[in-house]
Amino acid sequence: MRHLFQSECVRIWLMLAPALAVILLLFGGGVVVGFQQSIGYVPVLGLTTPTLRHYGEILSDQSFRSSLLLTLYISVTGTLLATMLAVMAALVLRHRFRGSGLATMVFQLPLPAPHLVAAAGIIMLLTQSGLFARMLYQLGGLAAPGDFPALVYDRWQVGTLLVYLWKEVPFIGIAVLAVLKSVGNDYEEAARTLGANAWQRFRYILLPLILPSVVSTSAIVFAYMFGSFEVRLLLGKRHPTTLPVAAYRAYIDPDLGRRPESMAMGMVITAVVVLLLEFYRRLARKMTG
């Protein structure tokens, strides 16, 4: 029996080996090269003396701290809002009603669409020269299109958050919906017969069942929001900007001497995401243990 178990483990590892090799080569190799450059080891630029000076410079820079706080604001706010909206949507869509199939299909439509498509839509619709502003102006609701609320390139990053919500709510919601449909209504019916109200049924029956899916998908969403830059590059203010955008701009700067600085910021982003995933691993083990 033990021999069969060991053989099965070997077979599984062999099946996973190609995918793991690609991940380790691309991700692990990128992290190693990025770390080398972040400590100032870039032989092609004539930098061969490792130093932590670049980490010290960015950590002591007020712009870096502002970028980090803004990135945390977007990631935490976006993840919390997406999770709450996704759970509420899943609680509605799990019931059968007229048009429930169509509603579920519409709910899933954003999943295959790239984030940049949503960002382009926000620019076309919600800027002060966009479609909604012009429509309200034509209808007499605004004295001028410029009176439309600033939802793009604004302090609170409303346009960026809307893009992330449009994309991530279905991502979390579909996972939660799958769990809710798999468990059925038996547990809730039993609790209802014992006198539990709607909140008690959700708090003590449904929430423990969906919590693993909520935590895992939310962790993925947070990690993506924290590390992505393309949406915020299009919809965010020039200053202060988010940490991934700051790292990207330093990376493409014609002054190649800024390359270690950009890589140091990239290593900070990587460290935060890895710490988050480790926290999720411990939390998942605690919930399933």
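Modeller: Let us begin with Glu 261, which is partly exposed, with a relative accessible area of 23%. The terms are these: buried means under 20% relative accessible area, exposed over 50%, and partly exposed in between, with a 1.4 Å probe and protein chains only. The model is predicted, so local features need pLDDT of at least 70 and side-chain atom pairs count only at pLDDT 80 or more, while totals for chains, interfaces and linings use all residues. Residues are numbered from 1 along each chain as its sequence is written, and side-chain values use heavy atoms, with hydrogens and water left out.

Biologist: With which residue does Glu 261 form a salt bridge?

Modeller: In general, side chains of opposite charge can pair when their charged atoms come close. A salt bridge is a side-chain nitrogen of Lys or Arg within 4 Å of a carboxyl oxygen of Asp or Glu. Here the partner of Glu 261 is Arg 258, and the closest N and O atoms are 3.1 Å apart. Arg 258 is partly exposed as well, at 26% relative accessibility.

Biologist: How many salt bridges does the structure hold?

Modeller: There are six. One of them joins the side chains of Glu 278 and Arg 282, at 3.0 Å from N to O.

Biologist: How far apart are Glu 278 and Arg 282 in helix H12?

Modeller: Helices are DSSP runs of H or I with at least four residues, strands are runs of E with at least two, and both are numbered from the N terminus. In helix H12 (residues 259-288), Glu 278 and Arg 282 are four residues apart, and therefore about one helical turn separates them. Glu 278 is partly exposed at 29%, whereas Arg 282 is exposed at 55%. Salt bridges with shared partners also link Asp 253, Arg 258 and Glu 261 into one network.

Biologist: At what angle do helices H5 and H6 pack?

Modeller: Axes are lines fitted to C-alpha atoms, for helices over the stretch in contact, and angles run from 0 to 180 degrees between N-to-C directions. Helix H5 (residues 115-126) and helix H6 (residues 131-138) pack at about 20°, with axes 4 Å apart. Angles under 35 degrees count as roughly parallel, over 145 as roughly antiparallel, 65 to 115 as roughly perpendicular and the rest as oblique. H5 and H6 are therefore roughly parallel to each other.
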